[in-house]
Amino acid sequence: MIMDAARLAFANLFAAETRSVFWKVLGLTLLALIALWFTLRELFVWLALPWIDALMPGMPDWAGWLTFVVGIFASLGLALALALLLAPVTALIAGFFLDDVAEVIETRDYPDGAPGKPLPLVEAMTGSAKFLGVVVIGNIIALLLLLVPGVNLIAFFLVNGYLLGREFFEFAAMRYRPPAEARLFRTKHRSTVFLAGLVLAAFLAVPLLNLLTPLFAAGVMVHLHKMLSARDPGFSPAHKAAAGA
């Protein structure tokens, strides 16, 4: 079931229906990084270079090239920092397009089922911010554990597998269920969701391909939620409470 969901989601990444979302995410990510680079560079020129000049007063004119060299190294450092921010920025931007991916899958692969409801704008923004936090926190933990031999790789997969599985499955479930019910449904099927999260963590570990992690993860969990719902059609805390009353 998990591998079927992953296979279908991967095929969906390059389908004609989702190609526009694919290019929107990459294009907006590049624009955001370019804008951030120019902003940080101008801040450096405005704040740091005068401080360097004040630190070394009376420097002869021929030594002005030092400032130029410092500027070059600062620009390279900013470029490296932005490269490290590539995945988190992509995650933040892609979070606004997850419902588009879900709608394509629901319409094309499950035409007989009721379509899900897109999350309200505030919840979508919150979910996007949460996923950004998941990526950042998960990888900070994994980087800290790099100091522990034999644990670092396992930690990367376990931490990211749990966090990615939880966040994206609840996103998919909340298109059909109230938030509390979506969380309970995930808890009931937590083993399956965690194993699917490990697949997402493996995808996240592949350079460049990991930029598409949010779109791939959304697709996997939409399929997985559909499959689990078909196997567990009677799950509904409200329905069970009413039946027991």
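This is a predicted model: local features need pLDDT of at least 70, side-chain atom pairs count only at pLDDT 80 or more; totals for chains, interfaces and linings use all residues.
Residues are numbered from 1 along each chain as its sequence is written, and side-chain values use heavy atoms, leaving out hydrogens and water.

Let's begin with D99, which is found in helix α5; helices here are DSSP runs of H or I with at least four residues, numbered from the N terminus. D99 forms a salt bridge with R175, and the closest N and O atoms are 2.5 Å apart. Because D99 lies in α5 (residues 98-109) and R175 sits in the loop between α7 (152-173) and α8 (179-188), the pair ties together parts that are 76 residues apart in sequence. D99 counts as buried at 12% relative accessibility, and R175 does too at 2%. Buried here means under 20% relative accessible area, exposed means over 50%, and partly exposed is in between, with a 1.4 Å probe and protein chains only. Leaving aside residues up to four places away in sequence, D99 touches P118, L119, F171 and R175, where contact means heavy atoms within 4.5 Å.

Next stop: E170 and R186. They form a salt bridge whose closest N and O atoms are 2.8 Å apart. E170 lies in helix α7 and R186 in helix α8, so this pair ties together parts that are 16 residues apart in sequence. E170 is buried at 6% relative accessibility, and R186 is buried at 14%. Salt bridges that share partners also join D99, E106 and R175 into one network.

For a pair with other surroundings, look at D109 and R108, a salt bridge with its closest N and O atoms 3.3 Å apart. D109 is partly exposed, at a relative accessible area of 30%, and R108 is partly exposed as well, at 33%.

Now for the nonpolar side. A nonpolar core is a set of buried Ala, Val, Leu, Ile, Met, Phe, Trp, Tyr and Cys residues joined through side-chain atoms within 4.5 Å. The largest one has 42 residues, and F169, L215, F216, V220 and M221 touch the most other members. At least two residues of this core come from each of α1 (2-13), α2 (16-55), α4 (86-94), α5, α7, α8, α9 (190-204) and α10. The biggest giver is α10, with 10 residues. As for F169, its contacts include F185, R186, M221 and L228, not counting residues up to four places away in sequence.

So what about α10 itself? Helix α10 (residues 213-231) has 19 residues and reaches 27 Å from its first C-alpha to its last, close to the 27 Å expected at 1.5 Å a residue; that expected span is 1.5 Å times one less than the number of residues. Since 17 of its 19 residues are buried, α10 is largely enclosed by the rest of the structure.

Finally, the record. For "transmembrane region", an unreviewed UniProt entry lists residues 21-40, 65-98, 131-159 and 193-222; positions follow the numbering used here, feature names are shortened, and annotations may be inferred rather than shown by experiment. In the model, residues 21-40 are 100% helix and 0% strand, with end C-alpha atoms 28 Å apart. Residues 193-222 are 73% helix and 0% strand, and their end C-alpha atoms lie 12 Å apart.

Notes
A salt bridge is a side-chain nitrogen of Lys or Arg within 4 Å of a carboxyl oxygen of Asp or Glu.
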